[in-house]
Amino acid sequence: MVDLSQHLDCLPNVLSQATILCGYALASLVAVSISWFFSGRSQHLDRMERTLICWWIFTGLTHLILEGYFVFTPDFCKKTTTNFFAEVWKEYSKGDSRYAARDSAVVAVEGITSVIEGPASLLAAHAILTRKPYQYTLQLAVCLGQLYGDIVYFATTWLDGKEYAAGPVYFWFYYVFLNNIWVVIPSLIMLRCWRKITEVFKMIENKKHY
């Protein structure tokens, strides 16, 4: 079990856990709701495509804003103000203290995620909305990047053989559950894109025989 304030010189949260979690959930809900509303104005989109737009905007903003803040604010753990992003990362560090310690592997993974996958996720949403021919290839590439990041994230913990969580609840909810969202959903999207791309090539091959 890790005590962040004792071992990592990390100041305690100013906001309560409930305030932080509800704030993040509310912001996410607003982003998804706005995405769903505006995507509904496009008559050519089906429900699956609208759902994917919501996901890509949600994950893109999470990568760009939230994870970007972590990457470019190395002293977030020492902030005494009620900066919401700093509070989020101090709270999440209870599930993985490597964030408070600025572990190089974590910073590298989050840096790539925020700088590359964040904009690419928003571009994927735009590609679906405007029916760009590269939409499936782009989604597949971003999903592969997210899965690779998760593999590195989990593998480095396993290889270190250390306990980075402040308790079992933080471990199972923050470290396991929240991160596996970016394992399950990208895997499903990747399979869908694989099927769509394969269908196109099958059509091309069939036309060659006529």
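Reader: How many disulfides does the count come to?

Author: Zero disulfides, where a disulfide is a pair of cysteine sulfur atoms within 2.5 Å. This is a predicted model, in which local features need pLDDT of at least 70, side-chain atom pairs count only at pLDDT 80 or more, and totals for chains, interfaces and linings use all residues. Residues are numbered from 1 along each chain as its sequence is written, and side-chain values use heavy atoms, with hydrogens and water left out.

Reader: OK, zooming out. How many helices and strands?

Author: Seven helices and zero strands, taken as DSSP runs numbered from the N terminus (helices are H or I, at least four residues; strands are E, at least two). Along the sequence the pattern reads α-α-α-α-α-α-α. The C-alpha trace spans about 70 × 40 × 25 Å along its principal axes, and 41% of the 210 residues count as buried.

Reader: What share of the contacts join residues at least 24 apart?

Author: Taking contacts (heavy atoms within 4.5 Å) between residues at least 6 apart in sequence, 75% join residues at least 24 apart.

Reader: Now packing. Which residues touch the most other members of the largest nonpolar core?

Author: Trp 55, Trp 56, Ile 128 and Ile 189, out of 20 residues in that core. A nonpolar core here is a set of buried Ala, Val, Leu, Ile, Met, Phe, Trp, Tyr and Cys residues joined through side-chain atoms within 4.5 Å.

Reader: Which elements give two or more residues to this core?

Author: Helices H3 (47-72), H5 (104-129), H6 (135-160) and H7 (168-208). H6 gives the most, with six residues.

Reader: What is Trp 56 in contact with?

Author: Beyond its neighbours within four places in sequence, Trp 56 contacts Ser 121, Leu 122, Ala 124, Ala 125, Ile 128, Gln 139, Val 142, Cys 143, Gln 146 and Ile 189. There's also a second, separate core of 18 residues, which includes Tyr 69, Phe 70, Phe 76 and Trp 89.

Reader: Where does Pro 186 lie?

Author: In helix H7. Pro 186 counts as buried, at 0% relative accessibility. Leaving out neighbours within four places in sequence, Pro 186 is in contact with Trp 55, Cys 143, Gln 146, Leu 147 and Ile 181.

Reader: Pockets next. What volume does the largest pocket have?

Author: About 660 Å³. On a 1 Å grid over the protein atoms alone, a pocket is an open set of points with protein on both sides within 12 Å along at least five of seven lines, where a 1.4 Å probe fits; lining residues have an atom within 4 Å of a point. Grid points are joined across faces, edges and corners, and the volume is the space filled by probe spheres set on the points.

Reader: Which residues are closest to its centre?

Author: Of the 29 residues that line the largest pocket, Thr 62, Tyr 92, Leu 178, Asn 179 and Trp 182 are the closest to the centre. H7 gives the most to that lining, with seven residues.

Reader: How does the lining of the largest pocket divide by class?

Author: Into 18 nonpolar, six polar and five charged. Ala, Val, Leu, Ile, Met, Phe, Trp, Tyr, Cys and Pro count as nonpolar, Asp, Glu, Lys and Arg as charged, and the others, Gly among them, as polar.

Reader: And the second largest pocket, what's its volume?

Author: About 200 Å³. Its lining has 13 residues, and those closest to the centre are Tyr 24, Ala 27, Ser 28, Leu 61 and Thr 62. By class that lining has ten nonpolar, three polar and no charged residues.

Reader: Last one, backbone. What is phi for Arg 102?

Author: Positive, about 55°, although Arg 102 is not a glycine. Arg 102 lies in the loop between H4 and H5 and is partly exposed, at 22% relative accessible area. Arg 131, in the loop between H5 and H6, has a positive phi near 60°.

Terms used:
Buried means under 20% relative accessible area, exposed over 50%, partly exposed in between (1.4 Å probe, protein chains only).
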